[in-house]
Every structure is written in structure tokens, then in C-alpha cells.
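Work through the exercises below with the sequence and the 3D view at hand. Try each task before reading its solution.

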Amino acid sequence: TAPLHLVCSPFGSFISSPILTIWIRPNHFTMASAGKQTETQAEKQLRIKTGSLQRIKKELAAYEQEVEQQAAKVQRMRDEQQDEYDIKKQTEVLAESEMMVPNTKQRMMAAADALSAFVDSNEGEIGSSKKLAEAKALLAEILGDTGAAGGN
């Protein structure tokens, strides 16, 4: 029988024989880098929920800005007495934009409630971290009440 050779390195390992060579790559996703802390499941969920709430908040601001711009455009078109058909179409665009604001507000409040409940139930596991402080500040800003943001 031919001897097998096993070679290990930080970049992977391989098993070699005269007939076959097998390369084994390390799993880069599970290896922790030296000096870098891995986040717990609760910290990961906090990061995800906070990011989601921040994204919806930005989306709401964009829709509100779009409504303002579109309303100004429609008013300008009326002042300039442009074609009624064009004004009607721009008014429809304005109405569509206005419909998105309440929906986005509702999604934002649902995300804020979910984050608030998560913070309340997992605060002990998360501890006091920068991410937790950011989440509480975001909740206080959105809910307008520091007591609803986990008891600052």
C-alpha cells in the first residue's frame, strides 16, 4: 500500500497519495479572526432589527420628501396653467406617493414595537453595548418616549 501524506496549513489541508490528492479548504465563515470577538445570536438579532428600523425610517423620510416635491410640482403646473392632462397625471403620481406614507409609518411602528420588545426581553443577554445604546436612541427618537425605549 502507498503511504498517505497529510499536510496542514492556515490556508487549508490536503491528503496526498500517489493515486489521489484531496484538498480541504477551511471554512472561513466559522473561523474567528485573532482578536476579533464573535457576536452572540442576540447581538446579531439586535443589529438586524435596528438596521431594519433605520432603513424604514429613511424610506419614510424619502416618501415624505417625494410628496412635498410632487405637491410643489403640481402647484407650479397649475400656476403656469399647463395642460390639464399633464396636471391630472402628476396629481395621480402625488396620490400614489401620499398612499405610501401611512403604509410606511405603519411598518415603521411595527418594526419599532418589535425592536422594543426584543430589547426589553434580551437586555440582560446583550448587556450594555454601543449597539444597544444605538437601538435605544433610535427607539426614543421614533416612539418619542424614553420609557418605551427600554427604560433609559
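**Exercise 1. Describe how α2 passes α3, and say which residues make the contact.**

Solution. Start with the handedness: α2 passes α3 in a left-handed crossing. Left-handed means that the near helix is turned anticlockwise from the far one by less than a right angle; clockwise would be right-handed. Helices here are DSSP runs (H or I, at least four residues), numbered from the N terminus.

Next, list the contact, meaning heavy atoms within 4.5 Å. From α2, the residues include Met-108, Ala-112, Leu-115, Val-119 and Ile-126. From α3, they include Leu-132, Ala-135, Leu-139 and Leu-143.

Then sort the contact residues by class: 11 are nonpolar, one is polar and three are charged. Ala, Val, Leu, Ile, Met, Phe, Trp, Tyr, Cys and Pro count as nonpolar; Asp, Glu, Lys and Arg as charged; the others, Gly among them, as polar.

Last, take the geometry. α2 and α3 (residues 130-143) pack at about 145°, with axes 10 Å apart. Axes are lines fitted to C-alpha atoms, for helices over the stretch in contact, and angles run from 0 to 180 degrees between N-to-C directions.

A note on the source: this is a predicted model, where local features need pLDDT of at least 70, side-chain atom pairs count only at pLDDT 80 or more, and totals for chains, interfaces and linings use all residues. Residues are numbered from 1 along each chain as its sequence is written, and side-chain values use heavy atoms, leaving out hydrogens and water.

**Exercise 2. Where is α2 kinked, and what follows its end?**

Solution. α2 (residues 84-126) has 43 residues. It reaches 58 Å from first C-alpha to last, close to the expected 63 Å (1.5 Å times one less than its number of residues). The kink, about 45°, is centred on Asp-120. Such a bend is the angle between axes fitted to the seven residues ending there and the seven starting there. Just after α2, Gly-127 takes a positive phi of about 75°.

How values were computed
Helix = DSSP H or I, 4+ residues; strand = E, 2+ residues; numbered from the N terminus.
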